[in-house]
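Subject: Structure handover

Hi,

Here is the structure I promised to pass along. Have a look at it first, and my notes on what turned up follow below.

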There are 2 protein chains.
Amino acid sequence: MNFLTLDSSSKRLIVGIKSENKEAGVLLNSIGKHGAFLMRAIKNLLEYADLKTSELDFLGCGIGPGSLTGLRVGISTIKGLAYPFNLSVATFCSLDMLAISTLLPEEKGVVARKGREGHYYWRRYRLTGGKLIRETHPAFSPLEELANKLDLDETIILENAEHLNEFPEINSRIARPPSIEDLLCLTEESYRHGGLVDLRELNPYYLQKSVAEINWEKRYGKPENP
Amino acid sequence: MNFLTLDSSSKRLIVGIKSENKEAGVLLNSIGKHGAFLMRAIKNLLEYADLKTSELDFLGCGIGPGSLTGLRVGISTIKGLAYPFNLSVATFCSLDMLAISTLLPEEKGVVARKGREGHYYWRRYRLTGGKLIRETHPAFSPLEELANKLDLDETIILENAEHLNEFPEINSRIARPPSIEDLLCLTEESYRHGGLVDLRELNPYYLQKSVAEINWEKRYGKPENP
């Protein structure tokens with residue numbers, strides 16, 4: 001079973017490939033525009049693994065929540081690769097990457113990723129017997145609302161040290177950066193548990209409106225058929 | 001400060017590059033001969049980071065213990081890159097990679113990597129306040145000798161599930177695969193703490209004799225001036 005997978009939901013662009021017995025991956029952190037580097041990384045990975053796109057059995061994709069532009073670049077690229085061979089795509093929540101890389105055994109935690117100012121994307125997890133349990137769906141909340149939802153026996157996991165002081169009452173920690181193995185593992189888990197979607201149904205978790213939508217509404221009011 | 005670094009001591013070949021504000025890495029796991037892929041990965045990383053070899057300030061290198069052939073390939077490549085620009089090399093113990101990726105906060109553990117049959121490379125660590133403390137030097141011991149040295153309050157960390165049953169009395173765990181960030185972090189730590197060596201002094205930890213040396217000794221006896 002051969003697959004190629006990526007997550008482009010943050011400034012850490014991560015791409016992996018797996019075949020019967022080989023694994024390879026590329027990490028690009030703060031490299032700049034994802035779009036300028038993603039296809040180059042994919043081409044290099046196919047070369048390392050000695051595979052052609054036509055030899056892939058499926059693709060994988062983190063569908064956010066996270067950076068809207070990053071997600072668009074990643075998802076568009078996956079669609080472009082999938083289309084000629086009608087490949088299906090194993091999707092997963094991008095916050096799961098941070099949970100799987102960071103949670104300690106038997107720990108209960110909320111992964112929170114900064115959205116537009118004062119807002120967070122978040123999801124609650126538990127790690128039980130090495131298995132990641134998703135306790136809630138991904139959500140998008142203002143800081144105060146999220147802080148009120150947190151339990152005292154859980155840890156909030158954040159991406160940047162500068163955000164730790166926004167949750168002074170809560171046990172908090174910086175996320176371990178997800179590894180290429182974390183990416184491959186989540187993609188395989190999604191594939192095995194029915195996360196495979198037709199490429200025409202591949203859509204991101206857009207939990208917040210884009211700035212363009214907000215500006216439109218400011219100018220013209222809410223659309224009647226949203 | 002720009003540097004390129006690698007660890008080739010196991011079947012997981014891992015290469016990273018870091019500049020002022022960019023990071024990139026390539027992981028090649030079980031891809032096959034390290035020698036056939038390493039320079040290709042280095043070339044791709046320099047392209048991702050938009051750096052030339054001449055713009056690197058130093059190099060990094062895991063010097064084992066581990067696969068003798070893997071180490072020779074990695075160290076030779078680093079020497080080849082270092083030579084034209086007389087770059088120094090920040091060295092680190094390859095077992096540190098497994099310790100930093102796997103130890104839990106405040107945990108005491110021995111990282112053990114399989115050597116020739118019945119023998120292990122090993123080193124004892126403690127993770128205190130997020131800092132990796134090396135409690136011993138790297139060593140090479142037969143299984144029984146290592147098992148006798150282990151304390152009941154520590155964990156033995158192994159690379160493969162198949163070796164867990166060799167330590168039935170001891171708290172044991174499979175290592176988390178080291179990430180590109182782990183590699184960059186260990187290299188920077190070595191650089192900051194005086195681990196930089198002249199490229200002419202770059203040598204691997206050869207804790208076991210090569211098969212060629214053993215065969216020589218069987219045939220001709222131990223050399224008089226080893």
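This is a predicted model: local features need pLDDT of at least 70, side-chain atom pairs count only at pLDDT 80 or more; totals for chains, interfaces and linings use all residues.

If you want to find it by secondary structure, look at chain A: S2, helix H3 (94–102), strand S6 (108–114) and strand S7 (119–128) each put at least two residues into the lining.

**The cavity**

Rolling a probe the size of a water molecule over the atoms shows where empty space is left. A search of the whole structure for cavities of 30 Å³ or more comes back with one. The volume of the largest cavity is about 60 Å³. Its lining is made of 14 residues, and those closest to the centre are A:Ser179, A:Ile180, A:Glu181, B:Ser179 and B:Ile180. Both chains take part: strand S2 (12–18) and helix H5 (180–192) of chain A, along with strand S2 (12–18) and helix H5 (180–192) of chain B, each give at least two lining residues. By class, that lining comes out as eight nonpolar, two polar and four charged residues.

**Where the chains meet**

Next, the interface. The size of an interface is often given as the accessible area lost when the parts come together. Between chain B and chain A the buried area is about 2300 Å², with carbon and sulfur atoms giving 50% of it. Chain B brings 29 residues to the contact, and chain A brings 29 residues as well.

Side chains of opposite charge can pair when their charged atoms come close. Over all chains, the search finds 30 salt bridges, and four salt bridges run across the interface of chain B and chain A.

- A:Arg12 with B:Glu181, where the closest N and O atoms are 2.7 Å apart. This pair crosses between chains, going from strand S2 of chain A to helix H5 of chain B.
- B:Asp182 with A:Arg176, where the closest N and O atoms are 3.8 Å apart.

**Backbone details**

In chain A, the peptide bond joining A:Gly64 and A:Pro65 is cis, with omega about 5°. A:Pro65 sits in the loop between strand S4 (58–62) and helix H2 (68–82) of chain A. Chain B has a cis peptide bond between B:Gly64 and B:Pro65, again with omega about 5°, and B:Pro65 is in the loop between strand S4 (58–62) and helix H2 (68–82) of chain B.

Then there is A:Asn86, a residue other than glycine with a positive phi, near 50°. A:Asn86 is placed in the loop between H2 and strand S5 (89–92) of chain A.

**From the record**

An unreviewed UniProt entry places the feature "domain: Gcp-like" at residues 33–147 of chain A. In the model, that span is 38% helix and 30% strand, and its end C-alpha atoms lie 33 Å apart.

Cheers

Note on methods:
Residues are numbered from 1 along each chain as its sequence is written. Chains are lettered from A and ligands numbered from 1 in the order in which they are written. Side-chain values use heavy atoms; hydrogens and water are left out. UniProt positions are given in the numbering used here, feature names are shortened, and annotations may be inferred rather than shown by experiment. Helices (H or I, at least four residues) and strands (E, at least two) are DSSP runs, numbered from the N terminus. On a 1 Å grid over the protein atoms alone, a cavity is a set of points where a 1.4 Å probe fits but cannot get out, and a pocket is an open set with protein on both sides within 12 Å along at least five of seven lines; lining residues have an atom within 4 Å of a point. Grid points are joined across faces, edges and corners, and a volume is the space filled by probe spheres set on the points. Ala, Val, Leu, Ile, Met, Phe, Trp, Tyr, Cys and Pro count as nonpolar, Asp, Glu, Lys and Arg as charged, and the others, Gly among them, as polar. Contact means heavy atoms within 4.5 Å. Buried area is the accessible area (1.4 Å probe) that two parts lose on being put together, summed over both. A salt bridge is a side-chain nitrogen of Lys or Arg within 4 Å of a carboxyl oxygen of Asp or Glu.
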